[in-house]
Amino acid sequence: MINYPDDSLNAQFPPIRISGGHHFEAEVLRIVRHLHVGSHSRIGNYIVSQILVNDDLREGVRIRNPHHAIHNAITNPRGAVRDSDQPNSTRADLLANPGRGAGATIDYFPFEWPQIGVGQPGRSRDEILLHELVHAFMIQRGISSVRKLDRGIYAHRVRRFDIVDDFYAVMITNVYASETSRGRRQDHHAFSALGRNAMSIASDPRFRPFFTALASHAPGLVTVLRGIDTPFNPWHPRMELIDATSVFDDA
Ligand SMILES: [Zn+2]
């Protein structure tokens with residue numbers, strides 16, 4: 001097992017723990033370091049930094065080796081007492097009443113994903129890991145919502161995010177993708193390219209509850225997102241013409 005950062009010995013400043021043999025640990029360390037500093041992404045830097053400064057050892061994050069391709073990457077809460085990883089989500093407020101937070105364990109096999117900067121939108125190994133670290137960030141803060149979106153009351157384009165948590169993981173990773181000159185992922189199904197600009201996403205009435213809830217329950221994160229000027233950022237959209245999807249609300 002190794003720690004990131006490797007000189008972290010302070011229990012009040014818990015590291016990200018990486019375990020699963022030298023080859024795995026060295027590669028995951030390389031990817032975490034890239035997300036944190038090497039990529040020069042402001043959102044990558046913020047998510048990793050905030051996981052590290054969460055100052056509660058019970059809410060530490062571990063990344064472990066599944067030892068084979070799992071055709072996915074999975075983040076589970078650890079030590080969550082009475083759903084302390086989750087908000088008491090309502091339709092009106094998707095992140096209402098946050099829990100106290102919990103730790104997270106990430107199962108991630110870097111070698112099954114394309115290299116940094118390569119592959120379909122959202123599918124490179126750094127994008128896959130950042131997506132899971134966003135889940136871990138939300139779990140730490142008690143705002144990981146597993147509210148199901150694949151229901152008839154939601155528009156088709158909302159249903160394709162599966163759960164509330166994955167709207168945030170996909171869209172925040174899309175900001176990272178923009179900062180690193182990568183394509184954007186449409187939703188949580190497969191790895192299709194997003195054919196809409198940031199203004200279109202930000203002004204879509206069906207997506208508004210996600211932006212409203214994050215602003216009130218993760219204000220620090222939203223302040224950072226609003227300060228990032230990059231071609232795709234629904235928290236800081238550039239002035240562009242919007243497409244028909246958000247104007248004709250029938251999809
Ligand atoms: Zn996810």
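Analyst: What follows describes the aromatic pairs, and then turns to one helix contact.

The model is predicted, and the count of aromatic pairs in it comes to eleven. A pair of aromatic rings is described by the distance of the centres and the angle of the planes. In the pair formed by Phe 161 and Phe 207, the centres are 6.0 Å apart with 85° between the planes, an arrangement that is edge-to-face. Phe 161 lies in the loop between helix H4 (156–159) and helix H5 (164–179), while Phe 207 lies in the loop between helix H6 (198–202) and helix H7 (208–217), so this pair ties together parts that are 46 residues apart in sequence. Phe 161 and Phe 207 are both buried.

Phe 207 also pairs with Phe 167, and here the geometry is tilted, with 5.1 Å centre to centre and 45° between the planes. This second pair again links distant parts of the chain, since Phe 167 belongs to helix H5 and Phe 207 to the loop between H6 and H7, 40 residues apart. Phe 167, like Phe 207, is buried.

As for the helix contact, helix H2 (residues 42–52) and helix H8 (residues 219–226) pack at an angle of about 160°, their axes being 10 Å apart, which makes H2 roughly antiparallel to H8. The crossing of these two helices is right-handed. On the H2 side Ile 43, Tyr 46 and Ile 47 meet Gly 220, Leu 221, Val 224 and Leu 225 of H8, and the residues of this contact comprise six nonpolar, one polar and no charged.

Definitions and conventions: Residues numbered from 1 in each chain as written. Predicted model: local features only at pLDDT ≥ 70, side-chain atom pairs only at ≥ 80, totals over all residues. Heavy atoms only, no water. Axes fitted to C-alpha atoms, helices over the stretch in contact; angles between N-to-C directions. Helix = DSSP H or I, 4+ residues; strand = E, 2+ residues; numbered from the N terminus. Parallel < 35°, antiparallel > 145°, perpendicular 65-115°, else oblique. Left-handed = near helix turned anticlockwise from the far one by under 90°. Contact = heavy atoms within 4.5 Å. Nonpolar A, V, L, I, M, F, W, Y, C, P; charged D, E, K, R; others polar. Phe/Tyr/Trp six-rings, centres within 6.5 Å; stacked < 30°, edge-to-face > 60°. Buried < 20%, exposed > 50% of the residue type's maximum accessible area, 1.4 Å probe, protein only.
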